[in-house]
4 protein chains.
Amino acid sequence: MPPRYFTREELLAAPAGAFRWEFAVRLQDVDAAGIVFFARIFEYFHDSLMDYLEQHGVSMPRWLADGVVLAPIKHAEADYIAPLRFGDRMAVELCRGWVGETETIVGYRIVFADGGRPAAVGQTHHVCVDRAGAARAALPPPFADALRRLPGAG
Amino acid sequence: MPPRYFTREELLAAPAGAFRWEFAVRLQDVDAAGIVFFARIFEYFHDSLMDYLEQHGVSMPRWLADGVVLAPIKHAEADYIAPLRFGDRMAVELCRGWVGETETIVGYRIVFADGGRPAAVGQTHHVCVDRAGAARAALPPPFADALRRLPGAG
Amino acid sequence: MPPRYFTREELLAAPAGAFRWEFAVRLQDVDAAGIVFFARIFEYFHDSLMDYLEQHGVSMPRWLADGVVLAPIKHAEADYIAPLRFGDRMAVELCRGWVGETETIVGYRIVFADGGRPAAVGQTHHVCVDRAGAARAALPPPFADALRRLPGAG
Amino acid sequence: MPPRYFTREELLAAPAGAFRWEFAVRLQDVDAAGIVFFARIFEYFHDSLMDYLEQHGVSMPRWLADGVVLAPIKHAEADYIAPLRFGDRMAVELCRGWVGETETIVGYRIVFADGGRPAAVGQTHHVCVDRAGAARAALPPPFADALRRLPGAG
């Protein structure tokens, strides 16, 4: 089965899942327009994924240092629903997952921590390659296992 | 006509257009994996758009300071084709555009400055709103005019 | 009494203080040389100060939104002692303070969370000005009170 | 002769030198307080130094890829004189230099491109070490030569 990207609606309607990464918007995340600069949203997505993996026994720093495989991003996208401002307390929910042989898609939803109103949704598509970047490689088992615990990925 | 996002293939095949924003990958744009961090690609897209607008008489700083309208991003996406490394000399081409009454989509292609091999494509979808963020607003004429000069947007 | 900057040695020898802000080095904090980019250290300093103030009842976001005063930085410096790498678990200690009528200096020490070996020390010097930026202003009492609780600032 | 840091006054009074790196403040360089976030100033310093070295035949990317030595930063500092806002057209002047056997200090002044009013001054102190980071190493000749062309470093 080839991967399929989630729609905005699917990500908005997805269950919260077991994992929730909380953060507060920093002074320097906001730009001259007074709201979080759109590219920062992708950093929030990524930071939450790193923390999720760490909590599931996949240490990306060790993986990078020792590793035989890498999982670079092939596609990333975000839909912006409500602006984020300095000090806003938010949570990233890893609300959807898809896991294939050599690739994975992770779906994210950023919500206001108090009340759960959605501010953004999005996804990142990762493809496993060998260290030379020359060939596709299978997702390492602990990585695939962690991702299969995401809503819809089992 | 409702907006439609460009496909990866359309962005890869699009003409270069008249505008080209050159840059070199900075030390701090690269992450611990040795390649440009994926979220930086969106900064390159945005920096090139600001420069394009400036060159076409639309000063976003003045617009923000004086302005009655804002053009926040509703959707952004990128496809990553080749990794970028420290010192790589690149160019962003604004290779596609779509302009509606109150919204616009800008398509980008990042290529290696020497040779033109593509490294990434993507798009940002902006929606004009009044200063309170409460209602849609028409794209200001100089802004719409600049965007209509993008390939496919006329 | 005019402000005096702390020396590298004073910051290294200072007590840890009551506050400690823990973090892990992110993928994107590291640059093409494989270590944390030097300017990120200042972000760690600042993030820890914001969190310290928040925990002492000073909400900088609210202060900025409502505020009659601002506390821009007049001087910042850092000494780099050991490189930080992706995944390193660190702590920022607010280890020294100096509080005057209209200005304050905060001293920081970044240590490896496990073992306490120092990686960097530094300081930021803030000057309170009125909202127009035209005149010096007294440090607001809750802000001054929080800062006076730093080691050496009482 | 041991290195000595430049004073704020020395950096303000130093000649402009032959090199000038121009830039415009980006939307995302500005923070929630409406002015450039203080840590960005260090990125401007560093970006200008990389460009200066490149123009003098020292390609830091190639040096990093091939290199036997590294020049990590031991100390960095900045004095903030005037706030920078989105769209401000600025120039970094490499206005002072000091070159020793194994280390160097570079002095910077950021001025408004139109008129030359200073906005910030600062310096970075780099120490050359072998690739393992274990021992001091001599500054490679092309690197030392480029730095000796800075005002006061000859």
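User: How many salt bridges does the rule find across the interface of chain A and chain B?

Analyst: This is a predicted model, in which local features need pLDDT of at least 70 and side-chain atom pairs count only at pLDDT 80 or more, while totals for chains, interfaces and linings use all residues. Residues are numbered from 1 along each chain as its sequence is written, chains are lettered from A and ligands numbered from 1 in the order in which they are written, and side-chain values use heavy atoms, with hydrogens and water left out. A salt bridge is a side-chain nitrogen of Lys or Arg within 4 Å of a carboxyl oxygen of Asp or Glu. Across the interface of chain A and chain B, the number found by that rule is two.

User: Which residue of chain B forms a salt bridge with Glu43(A)?

Analyst: The closest N and O atoms of this pair are 3.3 Å apart. The partner of Glu43(A) is Arg40(B).

User: Which element gives the most to the side of chain A that touches chain B?

Analyst: Helices (H or I, at least four residues) and strands (E, at least two) are DSSP runs, numbered from the N terminus. On the side of chain A that touches chain B, at least two residues each come from α2 (40-55) and β3 (73-80) of chain A. With eight residues, the element that gives the most is β3(A).

User: What area do chain A and chain B bury between them?

Analyst: Contact (heavy atoms within 4.5 Å) joins 19 residues of chain A to 19 residues of chain B. Buried area is the accessible area (1.4 Å probe) that two parts lose on being put together, summed over both. Of the area between chain A and chain B, 66% is on carbon and sulfur atoms, and the total is about 1800 Å².

User: What area do chain B and chain D bury between them?

Analyst: Here the contact takes 12 residues from chain B and 12 residues from chain D. Carbon and sulfur atoms carry 60% of the buried area, which comes to about 1100 Å².

User: Which residues in chain B lose the most area to chain D?

Analyst: Together they account for 38% of what the chain B side buries. One of them, Arg26(B), also meets Glu43(D) in a salt bridge between side chains (3.7 Å, N to O). The residues asked for are Arg26(B), Pro61(B) and Phe86(B).

User: How many residue pairs are in polar contact between chain B and chain D?

Analyst: A polar contact is a pair of N or O atoms within 3.5 Å; within protein, one must be able to donate a hydrogen and the other to accept it, and residues adjacent in sequence count only if both atoms are side-chain atoms. Salt bridges between chain B and chain D number four. With both residues at pLDDT 80 or more, the count of residue pairs in polar contact is six.

User: Is Gln123(D) buried or exposed?

Analyst: Gln123(D) sits in strand β6 (residues 118-127) of chain D. Buried means under 20% relative accessible area, exposed over 50%, and partly exposed in between (1.4 Å probe, protein chains only). Because its relative accessible area is 1%, Gln123(D) counts as buried.

User: Which backbone nitrogen lies 2.8 Å from a polar atom of the side chain of Gln123(D)?

Analyst: Leaving aside neighbours within four places in sequence, Gln123(D) is in contact with residues including Tyr5(D), Phe6(D), Phe45(D), His75(D) and Tyr108(D). The backbone nitrogen at 2.8 Å is that of Phe6(D).
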